Amino acid sequence: MLSFTPRLIAQSLTSAVNLQLTHSYIDRIPQDIPTIVVSNHRSFLDAPILIKTIPNTLRIACHHYMGQTPLVREMVDSLGCFPLASADRRQRQFFQQASQLLTSRQWVGLFPEGTRPMIEPTAPDRIGEFHRGFAHLAWKVPIDRLAVLPIAIMSLSETNYPSIPIRWLKQFDRDEPFFERQGLHPMLVYHRVNVAIGRPYLISKSKKQEYKGRQAKILATELTNYCQDRITELLKEGTYKG
């Protein structure tokens, strides 16, 4: 009997839109170490692309409304993604769930740009400011060795379609300010994509001891900037590497 695993479903989704997918620097993916995957985010296809690319079990955090919206909720579940909680419980629940996944040696995927690039389409080689939540998670999670892996999803050909009114999503997430906007929600479909793997940022047990006091914010900012800078550099390459 065929098992519909997240990887198989991701493959089905990318095949359904006839996506041509290539990879660069695939040898940079860490081996035998819990890893947080950090990527730019412009399309609903980003999660399936990462799930298909990473050989380990990858659990991707997604927007709160995706866990509340019919049909979308079922797709999110089938991909093994975990929706964020409502705003009042979001940070605590995220840290708890992500920590549990990482300590069980599953990998966690995050899109630090948040909701904005899904509502306000950006150029393929641009990214927005990263939130630092993933960096604090990386330093605080109770694991002796951890990697943070920046990945650039390079769109080489795409089409942006209008879909549902943005304000319709307000009923599923009343705390999201972007859902107050007029107009139609864009649905970006990639045709050709190159996934470029950045060099992982490694955090050791001894290094974790520095995460305290004022130094904690400095380390989180350093890691956030590292990932944002590496992804920006990879996007500007914009070429196939085989």
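**Labels and where they come from**

Guide: α4 passes α6 in a right-handed crossing. This is a predicted model, where local features need pLDDT of at least 70, side-chain atom pairs count only at pLDDT 80 or more, and totals for chains, interfaces and linings use all residues. Residues are numbered from 1 along each chain as its sequence is written, and side-chain values use heavy atoms, with hydrogens and water left out.

Visitor: At what angle do α4 and α6 pack?
Guide: Helix α4 (residues 90–103) and helix α6 (residues 133–140) pack at about 50 degrees, with axes 11 Å apart. That makes α4 oblique to α6, as under 35 degrees is roughly parallel, over 145 roughly antiparallel, 65 to 115 roughly perpendicular and the rest oblique.

Visitor: Which residues in α4 and α6 meet?
Guide: On the α4 side, Phe94, Phe95, Ala98, Ser99 and Leu102; on the α6 side, Gly133, His136, Leu137 and Lys140. Contact means heavy atoms within 4.5 Å.

Visitor: Why is α1 called oblique to α2?
Guide: Helix α1 (residues 6–16) and helix α2 (residues 46–53) pack at about 125 degrees, with their axes 8 Å apart. That value makes α1 oblique to α2. The crossing of α1 past α2 is left-handed. Its contact residues include Ala10 and Leu13 of α1, and Ile49 and Ile51 of α2.

Visitor: How do you know that strand β2 is mostly covered?
Guide: Five of the five residues in β2 (residues 35–39) are buried, where buried is under 20% relative accessible area, exposed is over 50% and partly exposed lies in between (1.4 Å probe, protein chains only). Thr35, Val37 and Ser39 are buried on one side of β2, and Ile36 and Val38 on the other, so both faces are covered.

Visitor: What makes β2 and β6 a pair?
Guide: Two strands pair if DSSP finds at least two bridges between them. Five bridges join β2 to strand β6 (residues 146–165), and the two run parallel. The partner of Ile36 in β6 is Val148.

Visitor: How many bridges join β2 to β5?
Guide: Three, joining β2 to strand β5 (residues 107–110), again in parallel. Here Ile36 stands opposite Val108.

Notes: Axes are lines fitted to C-alpha atoms, for helices over the stretch in contact, and angles run from 0 to 180 degrees between N-to-C directions. Helices (H or I, at least four residues) and strands (E, at least two) are DSSP runs, numbered from the N terminus. A crossing is left-handed if the near helix is turned anticlockwise from the far one by less than a right angle, and right-handed if clockwise.
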